[in-house]
Amino acid sequence: MATYLLMKEGSGDLPLGSSKVGGSPDLPKGWAHPANKNGHLYLFHAQINCEELAPFQSFLPRKGILYFFVNDEEYAQQAQVLYVEEAGELIRFSYTSGTEFIDSQFDDHIREAVGVHFENAISLPNFYNLFNHAEERYPKYAHLWKQAEEDEGLYDSLEPLEMAEELLEGAI
(Lines give C-alpha, C1' and ligand atoms only; values in the text may rest on other atoms or scores of the structure.)
Protein backbone atom coordinates (compact mmCIF):
# COMPACT_ATOMS: atom_id res chain seq x y z
CA MET A 1 0.00 0.00 0.00
CA ALA A 2 1.23 3.48 -0.84
CA THR A 3 -0.04 6.99 -0.16
CA TYR A 4 -0.21 9.14 -3.27
CA LEU A 5 -0.13 12.92 -3.44
CA LEU A 6 -2.63 13.92 -6.15
CA MET A 7 -3.15 17.33 -7.70
CA LYS A 8 -6.54 19.02 -7.29
CA GLU A 9 -8.07 20.57 -10.36
CA GLY A 10 -9.01 24.24 -10.19
CA SER A 11 -7.17 24.94 -6.96
CA GLY A 12 -7.82 28.70 -7.03
CA ASP A 13 -6.86 30.62 -3.91
CA LEU A 14 -5.76 28.02 -1.37
CA PRO A 15 -6.35 28.46 2.36
CA LEU A 16 -3.28 29.25 4.45
CA GLY A 17 -1.57 26.08 5.66
CA SER A 18 -3.23 23.71 3.20
CA SER A 19 -1.19 21.07 1.39
CA LYS A 20 0.08 22.30 -1.96
CA VAL A 21 2.79 22.11 -4.60
CA GLY A 22 4.35 25.28 -6.01
CA GLY A 23 3.42 28.86 -5.35
CA SER A 24 4.72 30.42 -2.15
CA PRO A 25 5.13 28.76 1.24
CA ASP A 26 2.84 29.62 4.14
CA LEU A 27 5.50 30.11 6.80
CA PRO A 28 4.98 30.61 10.53
CA LYS A 29 5.27 34.26 11.55
CA GLY A 30 8.93 35.03 12.25
CA TRP A 31 10.34 32.30 10.00
CA ALA A 32 12.67 33.29 7.18
CA HIS A 33 12.44 31.72 3.73
CA PRO A 34 15.42 29.33 3.36
CA ALA A 35 18.29 30.99 1.50
CA ASN A 36 21.97 30.35 0.84
CA LYS A 37 24.81 32.45 2.26
CA ASN A 38 24.42 34.90 -0.65
CA GLY A 39 20.77 35.49 0.14
CA HIS A 40 19.46 33.59 -2.89
CA LEU A 41 16.32 31.64 -2.06
CA TYR A 42 15.83 27.91 -2.26
CA LEU A 43 13.01 26.85 -4.60
CA PHE A 44 9.80 26.07 -2.77
CA HIS A 45 8.43 22.70 -3.88
CA ALA A 46 5.64 21.79 -1.50
CA GLN A 47 4.08 21.99 1.91
CA ILE A 48 2.23 19.10 3.48
CA ASN A 49 -0.30 19.71 6.20
CA CYS A 50 0.21 16.60 8.33
CA GLU A 51 -3.39 16.66 9.62
CA GLU A 52 -4.63 16.29 6.02
CA LEU A 53 -2.22 13.39 5.49
CA ALA A 54 -2.73 11.64 8.87
CA PRO A 55 -5.73 9.44 7.87
CA PHE A 56 -3.69 7.90 5.03
CA GLN A 57 -0.48 6.86 6.82
CA SER A 58 0.94 6.26 10.28
CA PHE A 59 4.64 7.13 10.11
CA LEU A 60 4.71 10.92 9.69
CA PRO A 61 3.66 13.42 12.37
CA ARG A 62 -0.10 13.67 12.98
CA LYS A 63 -0.11 17.48 13.00
CA GLY A 64 2.03 20.36 11.85
CA ILE A 65 3.42 21.26 8.43
CA LEU A 66 6.32 19.82 6.42
CA TYR A 67 8.03 22.19 3.97
CA PHE A 68 10.20 21.09 1.03
CA PHE A 69 12.76 23.37 -0.61
CA VAL A 70 15.53 22.53 -3.12
CA ASN A 71 18.55 24.34 -4.51
CA ASP A 72 17.79 23.42 -8.13
CA GLU A 73 15.14 21.56 -10.09
CA GLU A 74 17.32 18.90 -11.69
CA TYR A 75 19.51 17.52 -8.92
CA ALA A 76 18.16 18.90 -5.62
CA GLN A 77 21.41 18.08 -3.87
CA GLN A 78 20.87 20.51 -1.02
CA ALA A 79 17.25 19.85 -0.17
CA GLN A 80 15.84 21.59 2.88
CA VAL A 81 13.00 19.83 4.69
CA LEU A 82 11.55 21.88 7.52
CA TYR A 83 8.89 20.94 10.03
CA VAL A 84 6.81 22.97 12.43
CA GLU A 85 4.55 21.16 14.89
CA GLU A 86 2.55 24.20 16.00
CA ALA A 87 2.38 26.63 13.09
CA GLY A 88 0.56 29.39 14.96
CA GLU A 89 -0.02 32.38 12.70
CA LEU A 90 0.95 31.65 9.10
CA ILE A 91 2.01 34.23 6.56
CA ARG A 92 2.13 33.50 2.83
CA PHE A 93 5.61 34.45 1.64
CA SER A 94 5.48 37.00 -1.16
CA TYR A 95 7.95 36.71 -4.02
CA THR A 96 8.70 39.97 -5.84
CA SER A 97 9.97 40.69 -9.33
CA GLY A 98 13.48 41.08 -7.85
CA THR A 99 13.50 37.74 -6.02
CA GLU A 100 16.69 35.80 -6.74
CA PHE A 101 16.75 32.01 -6.42
CA ILE A 102 19.75 29.70 -6.14
CA ASP A 103 18.59 28.22 -9.46
CA SER A 104 18.41 31.47 -11.44
CA GLN A 105 16.13 29.91 -14.09
CA PHE A 106 13.30 30.62 -11.65
CA ASP A 107 14.00 34.31 -11.09
CA ASP A 108 10.73 36.00 -12.14
CA HIS A 109 9.14 32.58 -12.94
CA ILE A 110 7.14 31.63 -9.87
CA ARG A 111 5.13 28.44 -10.30
CA GLU A 112 1.41 28.58 -9.68
CA ALA A 113 0.24 26.91 -6.49
CA VAL A 114 -1.72 23.70 -6.94
CA GLY A 115 -3.67 22.15 -4.10
CA VAL A 116 -3.18 18.47 -3.38
CA HIS A 117 -5.07 15.67 -1.71
CA PHE A 118 -4.03 12.21 -0.61
CA GLU A 119 -5.19 8.75 -1.53
CA ASN A 120 -4.07 5.23 -0.68
CA ALA A 121 -3.62 2.64 -3.41
CA ILE A 122 -1.74 -0.56 -4.07
CA SER A 123 1.88 -0.02 -5.09
CA LEU A 124 4.29 -2.34 -6.85
CA PRO A 125 8.04 -2.47 -6.21
CA ASN A 126 10.22 -0.32 -8.44
CA PHE A 127 12.97 -2.48 -9.91
CA TYR A 128 14.84 0.45 -11.45
CA ASN A 129 16.16 1.46 -8.04
CA LEU A 130 17.16 -2.11 -7.22
CA PHE A 131 18.97 -2.59 -10.52
CA ASN A 132 20.73 0.75 -10.55
CA HIS A 133 21.01 2.02 -6.98
CA ALA A 134 20.84 -0.95 -4.59
CA GLU A 135 24.19 -0.28 -2.90
CA GLU A 136 23.55 3.43 -2.54
CA ARG A 137 19.85 3.45 -1.54
CA TYR A 138 19.43 0.07 0.13
CA PRO A 139 22.84 -0.81 1.59
CA LYS A 140 21.33 -3.15 4.18
CA TYR A 141 19.75 -5.28 1.41
CA ALA A 142 22.16 -4.76 -1.50
CA HIS A 143 23.77 -8.16 -0.93
CA LEU A 144 20.41 -9.86 -1.53
CA TRP A 145 20.04 -8.22 -4.92
CA LYS A 146 23.60 -9.20 -5.85
CA GLN A 147 22.72 -12.80 -4.95
CA ALA A 148 19.66 -12.59 -7.20
CA GLU A 149 21.81 -11.34 -10.09
CA GLU A 150 24.27 -14.20 -9.58
CA ASP A 151 21.63 -16.91 -9.07
CA GLU A 152 20.03 -17.18 -12.50
CA GLY A 153 17.01 -19.10 -11.19
CA LEU A 154 16.20 -16.51 -8.57
CA TYR A 155 16.80 -13.69 -11.03
CA ASP A 156 14.54 -15.37 -13.61
CA SER A 157 11.77 -15.74 -11.03
CA LEU A 158 11.74 -11.94 -10.52
CA GLU A 159 11.55 -11.17 -14.24
CA PRO A 160 7.78 -11.83 -14.64
CA LEU A 161 7.04 -9.43 -11.78
CA GLU A 162 9.17 -6.75 -13.41
CA MET A 163 7.46 -7.31 -16.77
CA ALA A 164 4.00 -7.09 -15.12
CA GLU A 165 5.00 -3.82 -13.49
CA GLU A 166 6.07 -2.39 -16.86
CA LEU A 167 2.75 -3.47 -18.44
CA LEU A 168 0.77 -1.82 -15.65
CA GLU A 169 2.79 1.40 -15.93
CA GLY A 170 2.13 1.43 -19.67
CA ALA A 171 -1.61 1.06 -19.12
CA ILE A 172 -1.86 4.10 -16.87
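This is a predicted model: local features need pLDDT of at least 70, side-chain atom pairs count only at pLDDT 80 or more; totals for chains, interfaces and linings use all residues.

Me: What share of the residues in the protein chain is buried?
Reply: Buried means under 20% relative accessible area, exposed over 50%, and partly exposed in between, with a 1.4 Å probe and protein chains only. Here, 33% of the 172 residues are buried.

Me: In what order do the strands of the open sheet lie?
Reply: Strands of a sheet pair through backbone hydrogen bonds, either parallel or antiparallel. Two strands count as paired if DSSP finds at least two bridges between them. In this model an open sheet of six strands has the order β1-β8-β2-β4-β5-β6, with antiparallel pairing. Its edge strands, each pairing on one side only, are β1 (2–7) and β6 (80–84).

Me: Which residues stand opposite each other in these pairs?
Reply: Let's walk across the sheet. β1 and β8 are joined by six bridges, with Leu5 opposite Phe118 in β8. Two bridges link β2 to β8, and there Lys20 faces Gly115. Lys20 also stands opposite Gln47 in β4, where β2 (residues 20–21) and β4 (residues 43–49) pair over two bridges. Next, β4 and β5 share six bridges, and Phe44 has Phe69 in β5 as its bridge partner. Five bridges then connect β5 to β6, with Leu66 opposite Tyr83 in β6.

Me: Why is strand β5 described as largely enclosed?
Reply: Five of the six residues of β5 (residues 65–70) are buried, so the strand is largely enclosed by the rest of the structure.

Me: Where is Ile102, and which residues does Ile102 touch?
Reply: Contact means heavy atoms within 4.5 Å. Ile102 is in the loop between β7 (90–92) and β8 (114–121), and its 27% relative accessibility makes it partly exposed. Not counting residues up to four places away in sequence, Ile102 touches Asn36, His40, Leu41, Tyr42 and Asn71. The C-alpha atoms of Ile102 and Asn38 are 8.9 Å apart, although 64 residues separate them along the chain. For the chain as a whole, residues 24 or more positions apart account for 63% of the contacts with a separation of 6 or more.

Me: What lines the largest cavity?
Reply: On a 1 Å grid over the protein atoms alone, a cavity is a set of points where a 1.4 Å probe fits but cannot get out, and lining residues have an atom within 4 Å of a point. Grid points are joined across faces, edges and corners, and a volume is the space filled by probe spheres set on the points. The count comes to one cavity of 30 Å³ or more, with a volume of about 70 Å³. Among the residues lining this cavity are Gly22, Leu43, Phe44, Tyr95 and Arg111.

Notes: Residues are numbered from 1 along each chain as its sequence is written. Side-chain values use heavy atoms; hydrogens and water are left out. On a 1 Å grid over the protein atoms alone, a cavity is a set of points where a 1.4 Å probe fits but cannot get out, and a pocket is an open set with protein on both sides within 12 Å along at least five of seven lines; lining residues have an atom within 4 Å of a point. Helices (H or I, at least four residues) and strands (E, at least two) are DSSP runs, numbered from the N terminus.
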